[in-house]
Amino acid sequence: MAELEMQEYEQLNRNEETTYDEIKVDKMTIEMSQLFKTGVLVIIVSLFSAGVISTVVYVTVYAQLQQKFDLINIKLENIDRKMANINTKLTDIERINQMILQDADIQMHTLLDNNTMCYSGETWQRLNDSNKCLCAAGFLGKQCKYSDGKDTSFMVLFHEGYQDVPLIPKILVASANTARLSVLYFSTNTNHSTTIDTTNTAYNLSNSVLPSDGIHLAGLSHTSDLSGTLVTASKPVIVVSGNRCNFAVADNIRVGYCQPFIESVLPTNQLDYIFITPHLSKRLNNTVRIQAVNSTKLTIKIENRKISKTLNARDYWDFYYNTTAFIFASEDILVMSYPHGLNEHKGDPFMMTIPGVNQYLYEYDFVVPTGFDSFISITVQSDAVDGFMLDRNSSNIKSLFCLSEGMNHFSTFSLPISAGYHHIDHKKKVRFGLWVYGNKYPDDGYGYPAGMAYKT
């Protein structure tokens with residue numbers, strides 16, 4: 001009995017309840033029979049009192065009825081004993097079942113305590129009759145399986161591209177705390193240091209960081225499209241994609257000058273399967289490239305129109321939109337956005353990575369470069385549009401785009417942003433996507449995701 005499975009218990013319980021009901025029916029039938037025969041006896045006695053039948057008949061009938069009454073009583077006693085046994089058995093089953101549930105709960109707590117359900121070294125905690133991972137600083141998600149990407153050491157790569165004027169390499173550093181920034185130049189083996197804080201966020205680098213003699217990187221170049229190229233390495237590496245000069249759009253809709261489109265390429269284990277292309281103020285015309293790693297089925301929703309597409313492994317597909325788009329994939333994919341150039345030399349096209357919905361963060365520290373007409377774009381669940389705090393101030397949202405598909409309801413909107421360091425979070429501690437982008441006259445533009453959650 002101690003090893004009784006839940007399913008077996010439920011079936012036995014149903015069988016015993018059926019037997020119990022059948023016995024109750026038998027008992028009611030017998031009691032009705034007893035009542036009927038008692039009535040017959042009363043009638044006979046009444047008839048006897050009237051002198052219709054003889055004393056001999058009365059005695060014989062009474063003796064027969066008394067014998068049947070005794071048998072009925074015996075049967076009723078047997079039924080009562082059987083019902084008592086059934087009740088006892090049901091009570092035992094309930095008790096054993098409760099013990100099984102308690103043992104399972106103990107085993108579950110043992111598993112949780114052994115770190116089998118949480119990532120990044122965290123353990124499950126019991127809060128309000130439910131278990132959840134309490135993540136350490138810098139980790140997020142229901143199982144602490146994501147990192148916010150913040151660290152103290154980074155490798156910087158530059159791609160010179162095509163330039164009419166000398167290039168000045170620059171890095172932007174977003175830090176809420178005052179810190180010492182040290183830059184080691186591999187080519188000269190020299191170290192330069194400076195202090196950074198929320199008011200000092202930009203640092204110009206030496207031109208020695210530009211690749212010229214193969215000392216910084218191993219490169220692969222070609223005059224055709226290299227999309228779908230698979231790069232593998234025996235040790236961790238950084239892969240940066242770029243062009244000498246590219247427009248990323250067809251000749252008939254080309255506006256502005258070419259750009260190098262430099263972007264760090266996400267590893268194949270840091271991709272997602274559901275995406276929302278953000279609303280970009282003044283940059284409504286966009287080309288999106290979807291890159292598949294494995295064979296993938298795609299569904300793209302643009303306003304009320306749906307597009308279905310199947311990509312083979314390492315294939316890509318481009319589509320154009322001028323509002324926003326919902327992208328669903330059966331496998332993890334890479335999504336890149338190429339906002340088109342602006343008329344009257346107000347901004348060139350640029351390249352921007354689109355993190356997936358599962359890669360959104362709870363908060364962001366970011367830096368906006370000087371000299372641009374800059375904006376931030378936010379994508380969040382529609383029931384959490386209100387509550388954003390930008391630099392501890394409430395945000396004034398004037399217009400937004402809403403997207404819905406099945407159980408997914410998101411909104412996306414843009415806000416103007418000043419140059420320098422910024423911090424943004426949400427009063428309800430919800431996750432949201434954030435992009436920073438800008439335009440510059442004549443013929444310049446930039447855009448980048450302000451951060452993303454990395455799988456640990």
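The mean pLDDT of the protein is 81, and 77% of its residues reach 70 or more; pLDDT is the predictor's confidence in each residue, from 0 to 100. Over residues 1-6 the pLDDT is below 50, and this stretch has nine contacts in the model beyond near neighbours in sequence, a contact being heavy atoms within 4.5 Å. Residues 35-55 also stay under 50, with 16 contacts beyond four places in sequence. Where pLDDT is low, the predicted coordinates should not be read in detail.

This is a predicted model, in which local features need pLDDT of at least 70 and side-chain atom pairs count only at pLDDT 80 or more, while totals for chains, interfaces and linings use all residues. Residues are numbered from 1 along each chain as its sequence is written, and side-chain values use heavy atoms, with hydrogens and water left out.

**Sheet**

Strands (E, at least two residues) are DSSP runs, numbered from the N terminus. An open sheet is formed by three strands in the order E3-E4-E27, with antiparallel pairing. E3 and strand E27 (454-455) each have a single partner strand and stand at the edges, so one side of each has no neighbour in the sheet. Two strands pair if DSSP finds at least two bridges between them; E3 and E4 pair over two bridges. Phe 139 has Ser 147 in E4 as its bridge partner.

**Backbone exceptions**

Most residues other than glycine have a negative phi, and most peptide bonds are trans. Cys 144 and His 345 have positive phi values, as tabulated. Buried means under 20% relative accessible area, exposed over 50%, and partly exposed in between (1.4 Å probe, protein chains only).

A cis peptide bond, with omega about 0°, joins Tyr 441 and Pro 442. Pro 442 lies in the loop between strand E25 (433-440) and strand E26 (444-449).

**Nonpolar cores**

A nonpolar core is a set of buried Ala, Val, Leu, Ile, Met, Phe, Trp, Tyr and Cys residues joined through side-chain atoms within 4.5 Å. The largest has 55 residues, and those with the most contacts inside it include Ile 290, Phe 319 and Phe 366. E16 gives the most to this core, with seven residues. Another core, of ten residues, lies apart from it, with Ile 171 and Val 183 among them. Not counting residues up to four places away in sequence, Phe 366 touches residues including Ala 174, Leu 390 and Tyr 448.

Key. Helix = DSSP H or I, 4+ residues; strand = E, 2+ residues; numbered from the N terminus.
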